[in-house]
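Here's a walk through a protein model, from the whole chain down to a couple of side chains. Have your viewer ready and follow along.

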Amino acid sequence: MDVGLLMSYSGGFAEAARRLGDFEAAGVDSVVLPEAYTFDSVSQLGYLAARTQRMRIASGILNAYSRTPALLAMTAAGLDFVSDGRFQLGLGASGPQVVEGFHGLPYTSPLTRIREVVEICRTVWRREPLRHEGRHFQLPLTAERGGTGRARPMKLINHPVRPDIPIVLAALGPKSVELAAELCEGWQPTLYLPEAAKEVFGPSLEAGGARRPDGLPPLRIVADVKLLVSEDPAELAEGRQRVSEYIALYVGGMGARGKNFYHALVARYGFEGQAATIEELYRTGRKAEAAAAVPAELVDALALVGPPGVVAERVAAYRESGVTGLNASPVAATHDRQVADMALLKRLAG
């Protein structure tokens, strides 16, 4: 399995970038930088490309609404160029809170939009004249659809380093996972529970895989995890607390009530009652109580936190479930410990 470093999108970027070489020297395969409603990740990814030699750089994720498909394609091709072919386009739908609340765009038909975005990006990277007639995008824009009538099909001026930049789709819902298995080089889940993966995700992966074009490589599955390797009880308790707070944030506070993908996922794992309790506590301002309500069983199942032997067992469980890569957020207190934990994870991942 590949091992990626999932960087924080808030605070300390310059220092984290300076220290990225230590993770590269430790064998970490990639660095993934999220983008929510923060500073844009594209400018920072360009900087990271200049600070690294071997690691892949990946967006995790760029949403399919706030940039046009052609701009997403140009951006990916540009990042692939400055990194000498090391970029991976992490793409996703985000959700109504970000798309409508921050960008002021209607959150409509996310699956159809992503399908069209992927098709347009690949057309741009092949340097074909851009023609697309879809539900969301019409290229060139005709006079009948509000254009001037003067547009013509255009193609990218530059020759991309690669015409097949990998696209990894962040997805959790059944239809979104199915789309990833059909169209994309990779699928990036979070709050991934290996023991439940076959039951929860298997039908979607099978249905999408049945329609997967012959020209695409086998689907990569890259799961997000929190990481702490320790035998110290106090340190482990602190690490599990951070994982509990993370789970409570996503299950209880992300999205809107009744439209929270993470809540729905944990419920599908069999924790429906606990998810409802976490959400109620979190949305009424009792965040500490929400974190305390996260079952210890769920914390241990969704994170790599424990002594080396326990972490090794959990890594094996991820591998056996079909995961081909782990994007880890190390939570140790010091940089040196974080590097050591990532190096151990790389050895365990093999």
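Start with charge: the protein chain carries 38 positive and 39 negative side chains, counting Lys and Arg as positive and Asp and Glu as negative, with His and the chain ends left out. The centres of the two sets sit 7 Å apart, where each charge is placed at NZ of Lys, CZ of Arg, CG of Asp or CD of Glu.

Some ground rules before going on. This is a predicted model, so local features need pLDDT of at least 70 and side-chain atom pairs count only at pLDDT 80 or more, while totals for chains, interfaces and linings use all residues. Residues are numbered from 1 along each chain as its sequence is written, and side-chain values use heavy atoms, with hydrogens and water left out.

Now the overall build. The protein chain has 14 helices and twelve strands; these are DSSP runs numbered from the N terminus, with helices being H or I of at least four residues and strands being E of at least two. The C-alpha trace spans about 70 × 45 × 40 Å along its principal axes. How does the radius of gyration fit? For 350 residues a compact globule would come out near 20 Å, and the protein chain has 20 Å, so the two agree; the radius is taken over C-alpha atoms, and the rule is 2.2 Å times the number of residues to the power 0.38.

Zoom in on S59, in strand 3 (residues 56–59). S59 is buried because its relative accessible area is 1%. Beyond its neighbours within four places in sequence, S59 is in contact with V32, L33, L45, F87, Q88, L89 and G90. With G90 there's a polar detail too: a polar atom of the S59 side chain lies 2.8 Å from the backbone nitrogen of G90.

Next, R67, in the loop between strand 4 (62–63) and helix 4 (69–82). Is R67 buried or exposed? Buried, because its relative accessible area is 14%. Its side chain makes a polar contact of 2.9 Å with that of E35; a polar contact is a pair of N or O atoms within 3.5 Å, and within protein one must be able to donate a hydrogen and the other to accept it, with residues adjacent in sequence counting only if both atoms are side-chain atoms. Leaving aside neighbours within four places in sequence, R67 is also in contact with D40, V42, L62 and L72.

Key:
Buried < 20%, exposed > 50% of the residue type's maximum accessible area, 1.4 Å probe, protein only. Contact = heavy atoms within 4.5 Å.
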